[in-house]
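Visitor: I have a structure open and would like to be taken through it. Could you show it first?

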Amino acid sequence: MSGNIYESPKLVSEYLLLHYGNVEEVLGGKPGPAEAVDFPARLVRELLAPVEPGSRALDLGCAVGRSSFELARSCSEVIGIDYSHAFITAASRLRDTGGHAYEKAVEGELTAPGFARVPAEIDCSRVRFEQGDAMDFHDPEAFSVVLAANLLCRLPDPKRLIDRLPSLVRRGGQLLLTTPFTWLEDFTPRAHWIGGTPATGRSFDALRALLDPHFGLEHVADLPFLIREHSRKFQYGIACGSRWRRR
Ligand SMILES: C[S@@+](CC[C@H](N)C(=O)[O-])C[C@H]1O[C@@H](n2cnc3c(N)ncnc32)[C@H](O)[C@@H]1O
């Protein structure tokens, strides 16, 4: 694939709306799947089990940061990592100022002003964002919670990340995954897909086989999400959400 789509102003705007937009801002009063709005906050509410005070969390592929902020409601330190400089710049501005103005597409060249806001009750000082490669992330101390939301099928080699997870999640800690298993050769060479071919079978079964030596499955949930491209065009997906406990 040429260039990184996640560096483009178009994607920064779409993700600010995906992460911080309410039903009115996303659907603009039109009919649509309202239950799919607020995905990054909803996935944390659905998947995160209670954590001990002082817990540290890692959000891999955090984009513009909403799930990282939501994790900070219960974790005292959250690190959000994303490969996109543009996403990390936007997430860091939200952390530092609590808000971020942007333009959302209406149709053609027409745009409308939008404003992303971190919920006022969240302590942003618990969160920090860093640009980096999730497949190569290292930290001297393992985390109580590791989240990778809709990341696996955007990596060139998702198994490289899966192989690193046992050292990133401390024993007894939680691994939270969401993925729509949208395998595309633009992002992941077919040889690196986890399932999704006649020879390898269903992706969730293949994922479970890879995680099983180190993680026990605790919870599975369907998590719809809605990305607004412009006022009359949306991407609707249903991510497979799961929580795994480090053995
Ligand atoms: C489909 S988006 C999901 C973003 C966010 N977690 C969410 O659920 O809305 C995939 C994200 O992964 C990031 N990403 C892709 N490859 C990455 C890598 N190797 N390391 C870290 N982040 C990566 C992209 O920049 C993008 O923000």
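Guide: The conversation below covers the sheet, a few helices and loops, and the ligand.

Visitor: What kind of model is it, and how are the residues numbered?

Guide: This is a predicted model, in which local features need pLDDT of at least 70, side-chain atom pairs count only at pLDDT 80 or more, and totals for chains, interfaces and linings use all residues. Residues are numbered from 1 along each chain as its sequence is written.

Visitor: Fine. What is the strand order in the open sheet?

Guide: The order is 5-2-1-6-7-9-8, for 7 strands with mixed pairing. Helices (H or I, at least four residues) and strands (E, at least two) are DSSP runs, numbered from the N terminus. Two strands pair if DSSP finds at least two bridges between them.

Visitor: Which strands stand at the edges?

Guide: Those are strand 5 (127–131) and strand 8 (215–230); each has a single partner strand, so one side of each is left without a neighbour in the sheet. On average, neighbouring strands of this sheet are turned by 15° against each other, direction ignored. Axes are lines fitted to C-alpha atoms, for helices over the stretch in contact, and angles run from 0 to 180 degrees between N-to-C directions.

Visitor: How does strand 6 pair with strand 7?

Guide: Strand 6 (residues 143–149) and strand 7 (residues 169–179) run parallel and are joined by 6 bridges. Val 146 has Leu 175 as its bridge partner in strand 7, and Ala 149 has Thr 178.

Visitor: Which helix packs on the sheet there?

Guide: Helix 3 (residues 39–47) does, touching strand 6, strand 7, strand 8 and strand 9 (233–246). The direction of helix 3 makes about 165° with that of strand 8. Contact between two residues means that their C-beta atoms, placed from the backbone, lie within 7 Å.

Visitor: And what joins strand 1 to strand 6?

Guide: There are 4 bridges between strand 1 (residues 56–60) and strand 6, and the two run parallel. The bridge partner of Asp 59 in strand 6 is Leu 147.

Visitor: How many residues of strand 6 are buried?

Guide: 7 of the 7 are buried, so strand 6 is largely enclosed by the rest of the structure. Buried means that 20 or more other C-beta atoms lie within 10 Å of the residue's own, exposed means 12 or fewer, and partly exposed is in between, with C-beta atoms placed from the backbone. Strand 7 is mostly covered, with 8 of its 11 residues buried.

Visitor: Changing topic, how far does helix 1 reach?

Guide: Helix 1 (residues 9–20) has 12 residues and spans 16 Å from its first C-alpha to its last, close to the 16 Å expected at 1.5 Å a residue. The expected span is 1.5 Å times one less than the number of residues. Among the buried ones are Glu 14, Tyr 15 and His 19.

Visitor: Where is Cys 75, and what does it touch?

Guide: Cys 75 is in the loop between helix 4 (66–71) and strand 2 (77–82). Not counting residues up to four places away in sequence, Cys 75 touches Val 51, Ser 55, Arg 56, Ala 57 and Val 145. Cys 75 has 24 C-beta neighbours inside 10 Å, so it counts as buried.

Visitor: Last one: which residues come nearest to the ligand?

Guide: Of the 19 residues around the ligand, Tyr 6, Gly 61, Ala 63, Ala 134 and Ala 149 come nearest. Near means that the C-beta atom, placed from the backbone, lies within 6 Å of the molecule or strand in question. The shell divides into 13 nonpolar, 3 polar and 3 charged residues. Ala, Val, Leu, Ile, Met, Phe, Trp, Tyr, Cys and Pro count as nonpolar, Asp, Glu, Lys and Arg as charged, and the others, Gly among them, as polar.
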